[in-house]
Amino acid sequence: MSDALAHCELTYLERQPIDVEKARVQHGQYERLLEKVAHCTVVRAPAAHDLPDAVFVEDTAVVLDEVAVIMRPGAASRRGETEAVADVLSDFRELRRIEAPGTVDGGDVLFCGRRAFVGRTSRTNDEGIGQMQRILAPFGYSVHAVTVSGCLHLKSAATVLSENQLLVNPAWISSEEFPGVELFPIDPSEPNAANILKAGDDYIYSPAFPRTAARLQRGLPLNFIDMSELAKAEGALTCCSIVFRDMDA
Ligand code: CIR
């Protein structure tokens, strides 16, 4: 994690002091939860101290069973983050890349089976979405651009619960753009509650959204992690990892 985290990009939040040491402790707990509860092997990219937002690796790449797509982040300050992640991923997948003038942030991409939904946001443009389509079509994925309003990324508004079900904030996306997908709404008093991290069969969630958690816990066992310090940098739970299958395991 960068010592300069407090100088991160901010779009919707007011800047407030960030305790980087506290953020590191929370991030360490997140890694341990991924290892111990979700049985993931954590592979770290080297810390990049000159890149404040580098901890939010989700935005740098999208990894499928067949291929990894290296993003071109919409914020110019974040473009230097991708190479270290590409280096790590090249041990696991063939790489493809989003090229200029396209921009896509990984936080704008989610998959329901072989359908990719890509948010059109301040970070992801139509050229980038077109490139995603051309890269993913040969692997049998369709790409659907969706409108996102009121939040930073598509994954602030919708994340995967299962292949056919998303946890959503209906105020920030339009249900018509997700035909055939079951949408599980957050509690309206918790607008940022639509970000849940699924790792295999395990779910990691924030204790900051107790009402939505209570709704989810009627059917899903949740593991909780407090990432409040990273949330001040507009990072949600999914942002700090890229979860994928090791095809050689
Ligand atoms: C940014 O604005 O780019 C960072 N401060 C936060 C990125 C959060 N990433 C994500 O939601 N996927």
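**A walk from a loop to the inner spaces**

Modeller: Let's start at Ser77, which counts as partly exposed because its relative accessibility is 37%. Keep in mind as we go that this is a predicted model. Ser77 sits in the loop that runs between strand S2 (68-70) and helix H2 (82-89). Along the chain, Ser77 and Cys8 are 69 residues apart, yet their C-alpha atoms are separated by 9.0 Å.

Now let's go inside. Searching the whole structure for cavities of 30 Å³ or more turns up one. The largest cavity holds about 80 Å³ of space. Among the residues lining this cavity are Glu9, Arg78, Arg123 and Glu234. Sorted by class, the cavity lining has six charged, four nonpolar and two polar residues.

One of those lining residues, Arg123, leads us to a curious neighbour. Asp108 is buried but has no salt bridge, and Arg123, the nearest side chain of opposite charge, is 7.3 Å away. A salt bridge here needs a side-chain nitrogen within 4 Å of a carboxyl oxygen. What does the side chain of Asp108 touch through a polar contact? Its partner is the side chain of Thr121, at 2.7 Å. Asp108 belongs to the loop between strand S3 (95-97) and strand S4 (109-112). That loop between S3 and S4 also contains Pro101, and the peptide bond joining Ala100 and Pro101 is cis, with omega at about 5°.

Another lining residue of the cavity, Glu234, takes us to an open space. The second largest pocket contains about 630 Å³. It is lined by 28 residues, and those closest to its centre are Asn192, Ala231, Glu234, Gly235 and Ala236. Helix H4 (154-157) and helix H6 (228-231) each give this lining at least two residues. By class, 13 of the pocket's lining residues are nonpolar, ten are polar and five are charged.

Most residues other than glycine have a negative phi. Glu234 is not a glycine, but its phi is positive, about 70°. His39 also has a positive phi, about 55°, without being a glycine. It is found in the loop between helix H1 (20-36) and strand S1 (61-63), and His39 is exposed because its relative accessible area is 63%.

Let's finish with charged pairs. Side chains of opposite charge can pair when their charged atoms come close. The structure holds 16 salt bridges. In one of them, Glu229 meets Lys22 at 3.6 Å, N to O. This pair connects distant parts of the chain, with Glu229 in helix H6 and Lys22 in helix H1, 207 residues apart. Glu229 is buried at 2% relative accessibility, whereas Lys22 is partly exposed at 40%.

Helix H1 also holds Glu21 and Arg24, three residues apart, about one turn of the helix.

Arg245 is exposed at 54%, while Asp65 is partly exposed at 29%.

Note on methods
Residues are numbered from 1 along each chain as its sequence is written. Side-chain values use heavy atoms; hydrogens and water are left out. On a 1 Å grid over the protein atoms alone, a cavity is a set of points where a 1.4 Å probe fits but cannot get out, and a pocket is an open set with protein on both sides within 12 Å along at least five of seven lines; lining residues have an atom within 4 Å of a point. Grid points are joined across faces, edges and corners, and a volume is the space filled by probe spheres set on the points. Ala, Val, Leu, Ile, Met, Phe, Trp, Tyr, Cys and Pro count as nonpolar, Asp, Glu, Lys and Arg as charged, and the others, Gly among them, as polar. Helices (H or I, at least four residues) and strands (E, at least two) are DSSP runs, numbered from the N terminus. Buried means under 20% relative accessible area, exposed over 50%, partly exposed in between (1.4 Å probe, protein chains only). Lys and Arg count as positive and Asp and Glu as negative; His and the chain ends are not counted. A polar contact is a pair of N or O atoms within 3.5 Å; within protein, one must be able to donate a hydrogen and the other to accept it, and residues adjacent in sequence count only if both atoms are side-chain atoms.
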